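This briefing goes through the fold of one chain, the contact between two chains and the setting of one residue. Please keep the sequence and the model in view while reading.

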Amino acid sequence: MTAAFDAFWDAVDADLARIPMAADLQPLPLRSTDAATTYSVRLTSIGPYRTFGYYSVPTVPPPVPGLLLTPRYGSVNHIPDYMDRERYAVLQIVHRGQRLADQPFAAAYPGLLTLGIEKPETYIYRSIVADCIRGAEFLLSRPEVDTTRVGVQGDDLALITAARRSGFRAVQVADLLLHRLLDTSQSSDDYPAEEINDFLRAHPQSRPAVRDTLAYFDPIHHAARIVSTTLFATSGDTLEPLRGAIGGPAETYSLSYKGAVDHDWLDSWMAHQLGAQPRSRFRVQV
Amino acid sequence: MTQLRNPAEHHPTTTVRPPDFDAFWTEIMATAERIPLNPTIEPLAWRSTDAVDVFEIGYDSLDGVRIAGWYCIPRQIQPPYPGLLLVPGYISEPTLPKSWARQGYAAVGVAPRGKLRSNRQYNPGYPGLLVDNILDRNTYAYRGFYVDATRALDFLLSRPEVDATRIGVHGSSQGGALTLTTAALRPDAIACGAAGAPYLCGFMDAAALTHSYPYEEINEYLRLYPDREPAVRVTLNYFDGINFAPRIRCPMLIHLGLRDDVCPPETGFAVYDALTCEKVLHTYEGSDHEAGVYWETPRIEAFLAQHLQPAAALVRA
């Protein structure tokens with residue numbers, strides 16, 4: 001990408017560096033078990049804006065492997081899975097606008113995907129990426145985390161986070177949204193990609209600006225900076241150019257569309273990368 | 001003693017049907033009927049296309065809570081249209097049902113209380129909804145939530161472009177639950193329903209079989225308050241899809257993932273057993289909460305088209 005791209009993201013890093021994280025952990029007895037203690041965590045990101053996360057630590061002697069979960073596209077993120085909480089120091093980031101981080105800004109669905117999209121500097125994803133990077137900084141700074149065994153899991157946000165912060169051993173991604181978004185939106189009226197079509201119907205003259213903005217957030221332009229082992233869970237071969245652009249080792253898992261089969265394979269992959277035991281969510285015995 | 005699970009063969013339930021179950025819901029529905037719907041419908045030109053007109057809608061529901069939704073109708077097909085009520089999952093927001101409108105339906109995507117745009121007066125959060133007021137059936141979260149879905153049906157019935165004899169309901173997970181409850185609470189008006197991986201069926205059995213959310217909310221609550229389990233069971237029996245099932249009269253399609261950790265398949269089989277209407281069951285080995293949607297989607301579309309006869313389907317035939 002261009003020098004402008006590098007300057008744009010360096011400016012995000014600089015903005016983050018100027019603002020103390022001011023982490024505030026509060027234990028959540030309701031969400032804790034004998035096997036793991038779960039906390040709410042508040043972190044300050046650029047803006048400044050106070051974001052939210054669920055952070056859970058297994059009740060075993062440290063250090064433990066770490067796992068960062070980037071937020072989904074939608075208003076709600078679940079508390080990390082019970083099985084993950086038993087194995088990893090795991091942080092589920094909740095970006096600004098989502099529930100629990102929706103004061104003073106509450107995201108609209110549909111609506112978030114095109115908020116400020118006419119300029120990369122005003123696009124909401126500049127701040128959302130910063131929120132994810134702040135989460136990475138928090139997790140990688142925790143004394144109970146074995147910083148040689150930290151993974152990140154999610155969609156495009158996981159890739160961009162891994163590109164902006166070294167320290168991840170493994171990256172696992174599925175359900176990419178921002179990659180080739182302008183192209184994929186043209187072949188579907190399914191949301192959230194349809195938000196782009198809606199916006200361009202109302203503002204047809206903005207297509208070049210939208211294309212320019214989205215380029216800053218397409219993980220293909222961040223891929224060369226990712227040196228972690230990266231796994232794409234996908235179908236077909238549409239992600240091959242992206243996989244080929246990753247700076248480190250990159251693998252592909254071909255989805256079977258059988259959710260439990262896919263979950264167990266992907267869980268095992270991440271567990272292997274981080275030195276943990278694979279777990280299935282479905283109990284085969286009662 | 002531990003044993004291997006075989007959900008299809010072994011799916012006992014601890015759900016009990018309270019003797020006053022029907023009376024409880026008859027009274028609630030009568031209360032709701034006395035509340036004027038006060039529907040609003042605002043065109044959203046910038047979200048509309050050559051094929052679909054999109055509207056933002058609103059209506060009043062139980063306790064005076066204002067409910068939001070999206071409404072999409074076909075632009076290139078003449079009315080009347082069959083109606084389709086699309087009910088959302090636990091953490092998802094209702095999407096704009098453009099693709100269903102393209103298939104010939106007048107489709108509503110509803111946001112029951114607590115979801116975005118319907119949370120000004122009631123907002124228990126996620127997690128939170130499942131256990132909100134769980135000790136009191138008269139104020140439990142799903143009392144109003146279930147009614148909100150039935151009021152979306154009333155919205156469809158208020159529309160002149162909708163054929164009132166051809167209205168279906170469809171959703172998965174919590175949407176699967178709402179498919180069952182809506183068909184049960186309004187058996188006069190629902191022509192068919194398709195429910196995937198239905199949630200809110202066999203609540204306590206499910207919570208005992210999984211640590212996945214949302215049912216884990218019940219486990220968390222009872223870890224803190226173990227003495228409240230009997231009271232929780234009493235409440236949940238009034239809201240259990242297994243107890244609603246015998247009231248349903250229209251054809252129903254159920255599909256399940258046989259390794260679903262979110263809504264254990266045992267509870268899906270239990271509610272299927274409890275249905276006394278015309279019914280069909282599709283199960284998927286190796287599937288979890290997606291319940292085989294990759295293969296099931298065309299089967300759902302065919303099932304709904306068979307019963308609701310959208311013009312687009314007639315053209316294709």
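Two residues are in contact if their C-beta atoms, placed from the backbone, lie within 7 Å. On that basis, residues 24 or more positions apart account for 73% of the contacts in chain B with a separation of 6 or more. The model is predicted: local features need pLDDT of at least 70, side-chain atom pairs count only at pLDDT 80 or more, and totals for chains, interfaces and linings use all residues. Residues are numbered from 1 along each chain as its sequence is written, while chains are lettered from A and ligands numbered from 1 in the order in which they are written.

**Chain B overall**
- Chain B has 11 helices and nine strands; these are DSSP runs numbered from the N terminus (helices H or I, at least four residues; strands E, at least two).
- The C-alpha trace of chain B spans about 60 × 40 × 35 Å along its principal axes.

- Nine strands of chain B form an open sheet of mixed pairing, in the order β1-β2-β3-β5-β4-β6-β7-β8-β9; two strands pair if DSSP finds at least two bridges between them.
- The edges are β1 (40-43) and β9 (279-284) of chain B, each with a single partner strand, so one side of each has no neighbour in the sheet.
- Strands β4 (residues 81-86) and β6 (residues 162-172) of chain B run parallel and are joined by six bridges; in β6(B), B:Ile167 is the bridge partner of B:Gly83.
- Helix α3 (residues 141-157) of chain B packs on the sheet and touches β2 (52-60), β3 (66-74), β4, β5 (106-111) and β6 of chain B.
- The direction of α3 makes about 150° with that of β5(B); axes are lines fitted to C-alpha atoms, for helices over the stretch in contact, and angles run from 0 to 180 degrees between N-to-C directions.

**Contact between chains A and B**
- The contact takes 31 residues from chain A and 34 residues from chain B.
- On the side of chain A that touches chain B, α6 (194-202) and α9 (259-274) of chain A each supply at least two residues.

**A:Val227**
- A:Val227 lies in the loop between α7 (207-217) and β8 (229-234) of chain A.
- A:Val227 counts as partly exposed because it has 15 C-beta neighbours inside 10 Å.
- Beyond its neighbours within four places in sequence, A:Val227 is in contact with A:Ser166, A:Gly247 and A:Gly248.

How values were computed: A residue is buried if 20 or more other C-beta atoms lie within 10 Å of its own, exposed if 12 or fewer, and partly exposed in between; C-beta atoms are placed from the backbone.
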